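Welcome, and thanks for taking a look at this one with me. Please have the sequence and the model open side by side as you read.

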Amino acid sequence: MTVLRLEPREPAAIDPPLLELRRIRAGYDGIEVLHGFDLTVAAGSVVALLGPNGAGKTTALKVIAGQHPASSGDVLLFGHRVNGTAPDRLARSGVCVIPEGRGVFPNLTVRENLWMMTYAGCSRGDVEAIAYHRFPRLAERRDQAAGTLSGGEQQMLAMARGLATRPALLLLDELSMGLAPLVVEDLYAVVAGIAADGVSVVVVEQFADVVLKVADRAAVVVHGRVAHEGTPAHVQALLAEAYLGGTHEGKR
Amino acid sequence: MDKFMIFTFVGLSTSAIYAVISSGLVLTYATTGVFNVAHGAAGMLSAFAYWQLHVAWGIPTLPAALLVLFVLAPLFGVLLERVIMRGLAGTTEATRLVVSISLLVAMIGLAQAVWSPAVGRVVAPFFEGRQLTLTRDVSITYHQLITIATAVVVAVCLKVFLTRTRTGVAMRAVVDDRPLTLLNGVRTDRVAQLSWALSTSLAALGGILIVSSAGLNAATLSLLIVNAYAAAAFGRLRSLPLTFVGALVVGLGDGYLAGYLPQDQRLAGLRPAFPVLVLFAVLLVLPSRPLRTHVRSREYFPAPSLRGAATYCAVIAAFGVVLATTLSGPDTIAYAKVFAVGIVALSLVPLVGFAGQVSLCQLSFAGIGAAVAAHVSKGTLLGVVTSVVVAALVGGLVALPSLRLSGIYLALATLSFAVVLDRWLFNLPEIAGFAFFPSGSLDIQPLTVLGYTFDTPRRQMLLAVVAFTAMSALVVALRRSRYGRRLLALRDSEAACATFGLNLVGARLGVFMLSAGMAGLGGSLLAMQQSSITAADFQLLSGLPLFMLVVAGGAGFVSAGLFAGVGLYAALPLLPSLWSGLTRVQPILPGIVGIALGRSPSGAAADVSRSFTPLREDAVVLSITVAGCGAWYAVRLLDVFGNPTMWVGMVVTVLVGLGAASRRRRPAGAAEVIALEWQGVDEPWSASRVADLDRALRLEQTRMSLSEVAHGAT
Amino acid sequence: MARLDVAGVTVRFGGHTALSKVSVTAEAGSLTALIGPNGAGKTTLFNVITGLQRPDSGRVVLDGHDITRLSPHKRARHGLARTFQRLELFTMLSVRENIGVAADVHRSWAPRQHGSLDERVQRIIDLTGLGDVADTRVTALPTGQCRVVELARALACDPKVLLLDEPASGQDEAETETFASLLRRLADDGVAVLLVEHDVQLVMEVCTTVHVLDFGALLAVGTPAQVQANPAVRAAYLGHLEEVG
């Protein structure tokens, strides 16, 4: 397999989309969760994945990140099929995943957590400089174990990876989980900043309001498929209908 | 005071060695989840390699030590990781344990094959004879100084490595959250390799430091690991600083016992047993862990049908009768072990196969049973019953402290118990009129039941056959009983069992005692067959292959008992007679079997038994086959030919019968639907078969982690 | 007094507070739901109630007995049974044997029972409609049916309080229907049922009381109608689902 190092870039019409999912099927324990999931993310755009619990949003992210196998379908990065590529390899190639809830090593200090980010191919000094500049509170607590930080600080530390490693594709799962509204707003401001640098972002979120402010496109996931896809304004209008349709569609 | 100082130095240098060894153990357990029982054996092999380089080939001390520590040991560690440990991802704790025990046995076997134990070898301490004099009466040898300094350097280096280097921090990150390290882009397979290399080097360092005082003996050096466990248990097998504290406790204790223990034969064994007693004490105070939820595994042990079980018992009985009537006297004594030790092996089936628990000291329980029978019996049935009861009670005592902890601690506790018996209790002189083996060996009278005495080898064998058959029937009955199903349920999910009111410790204690009692019975029968026994018959290292073969044979099947008995006491001893070159590899074989079969967790016994199904179900061919075997036996009894001819004839008859039955059963072209559990037996494995099975067992997630590992390798 | 009374439970994992002073009650003969987004702490609360997770503070009272300090199996003997979100069936056994193990263990600590063990197991099989698959090994069943087997196994202990963790996930519509009527029947028999469920439609249909957990804290308690009308709940969780009505 060719090693492919993806760089953030400006959107251009002739490029293949940065990320494309084609008819992905995947599941756990014999229950299929994704039933033909399609998604296209143009280079440099922010796509929000919305939808009710259990619709398959997190599973879709895990398939993209190489953490969960797709039973069929293609995952394409810049037109290269990457199904089956190990997550650490994808991470070194510029795919950055901030997982739900626990994006930090609790027994490592803040500095050590930042150090681990350098495996994605950036220098230790840069990571620390960028992280401490954007999140001064982390600098104050650099020698503290990450597990003793508050929930918001932990999420900042996790976000620092998306910021400092300059990935081509950033995948965020439930960034707001368990956090106070102010912290959430601050974190989404960071997301907007990262996106402004040309990084493509896929955000999974249960709460539409915050994320639709920063997204270029939004997709509503219902029962393992993208039910609607469009501009944030368009999707917001459709959202209620999507949920309504979803519950009457049957469970499979 | 001078004496105190001297023994403090002795203790400190012992602590230093334990600290070095156990830090390696903790390193691999924390980062890769493999509890490496063979860790001490790696140190042992390194000590032998050092002897070879330094003493035999005359390479000076420093280059020889450096070569072992920085080239041979790390290479060996990497080899272990690539060839064996990597394949263990996604397997159960028991499987990983079997593989590492097999490795221990294979490594001891390897050392004995390469460096014959008959030759005495000595490694001198560093700077032999030189010492630093502190006061007029207190001095410390250079070797002790070097040892203590080494441990300090190791501690500092480990600390620096784990906090000041990126790879070291990544190693701790893997312990914290492995999936997240992958998302950070860490090549976790390389981290695992490095931790095996480092850990093996630490074992090697410990081995080279201790060899001058412990002596160059494969078994002794390998079992030093048990002392290291005691130190590691202080840190719950995960914390390095607490492990160093544990090493201090164990080492200093050892030093002061050396200095202050009264010169009494009864206490002589206390010092070698001390680390193990410390380990038991630690197990008692460790906090309980949360209940385990479902473990997904490929293992499946269906309940035997009544007809199948009856056939099996009939075949064993017939096999035993044929053996007893055709073998010569000495051979009868030798092969009777198949059944007596077979009962000990069988005792592992309810424990390991049904309940999913591990005992590494089953042969020690057998030893207790044997000794009690010898003391109490005077040939009566009551004596045998007493031996069973005593073995069961002792088993309960050993298991109780660790039953509330995870499986690995039960393995540790039983291993340690075996070591205490080996090192101390079995060798005790008479105390208050009792000793296990008063004059080194112990004579025992044959059993008399209702006036009939089992006094000839032939009668002894028949007795063992009857007992083995009865115990097999008992195990079958247990598997089919409600209690048996409870144990299987417990093996699957502790959490679920607790939520409907099952007392886990009680259920486990019951099966452990049952199993220990059965082992005691096997031991007392063995003692009667041999008529004189010694502690050496029941050593830990003789018991481990038994455990491995039971697991390899399929721990959930009653036939695993026979598999282990025949394997160890009939098949293995016969190998050298096929080709004398096999003599040297003979001790390694059980280890290799264990390592190889660790990957096929349901074991081999079921496969063999299943392959006979066509024959079992075809009454016509079966009767002809049985008659044929009977004919071979009858002619043999007329002394027309010898035993080998009879056995070859019988095997050929059975194979021909099997072939005929299979042909009759499956007319050409007829396709057959193969029951899930027999795929791979009735039909060769294919990718789609494996996929079917995985689907049925809901193993996708395990496979996922396996494929993760596989991809990580590319 | 409520059959099950969970008061002020707090659980912390390291720096993360999974549950913060959560109080939940379940009445005999009624169906109570516990809903909330992923990670809200629903399963953790179940683990606290059944003793698989030790709380940092708070207590669990069953029928007037404080069971907070009891081990899981002793709590079960006070009449508590549960199912698991990730199935915990005994894979080597058939459906009948799975239920049989539970019934057998139950009989060992609650000896006064009428009918033989086999009869009891058969009754439960009939009640839950598992007759067709009774002698099938559980690994051969689809997930939806496995959920029913877990429920049947829990029923074998004759529970006073039954905790069901996402019992309808993996079931199709028809299975969910049958399941809903089974739940109502259990409540009619006087069992207190506490239900964690993502299928909001099912919850609104069968439950009399709904507790909403959000970020480890109790957000609202009330009847389905009250909860749906609660602005805080709408904002946090049900906002879009309200239209389902």
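Predicted model: local features only at pLDDT ≥ 70, side-chain atom pairs only at ≥ 80, totals over all residues.

1. Residues are numbered from 1 along each chain as its sequence is written, chains are lettered from A and ligands numbered from 1 in the order in which they are written, and side-chain values use heavy atoms, with hydrogens and water left out.

2. Let's begin with chain A, where 4 strands form an open antiparallel sheet in the order β2-β1-β4-β5. The edge places go to β2 (31-41) and β5 (80-81) of chain A, each with a single partner strand, so one side of each has no neighbour in the sheet. Strands here are DSSP runs of E with at least two residues, helices are runs of H or I with at least four, and both are numbered from the N terminus. Two strands pair if DSSP finds at least two bridges between them.

3. Within that sheet, β1 (residues 19-28) and β4 (residues 72-77) of chain A run antiparallel and are joined by 5 bridges. Here Arg22(A) stands opposite Asp74(A) in β4(A).

4. Turning to chain B, you will find 31 helices and 6 strands. Of its 714 residues, 54% count as buried, that is, under 20% relative accessible area with a 1.4 Å probe, protein chains only.

5. Chain C has 9 helices and 10 strands, and buried residues make up 57% of its 245 residues.

6. Which strands pair with β7(C)? Strand β6 (residues 80-82) of chain C runs parallel to β7(C) and is joined to it by 3 bridges, with Ala81(C) opposite Leu162(C). Strand β8 (residues 192-196) of chain C also pairs with β7(C) in the parallel sense, over 5 bridges, and Asp165(C) stands opposite Val196(C) in β8(C).

Key: Buried < 20%, exposed > 50% of the residue type's maximum accessible area, 1.4 Å probe, protein only.
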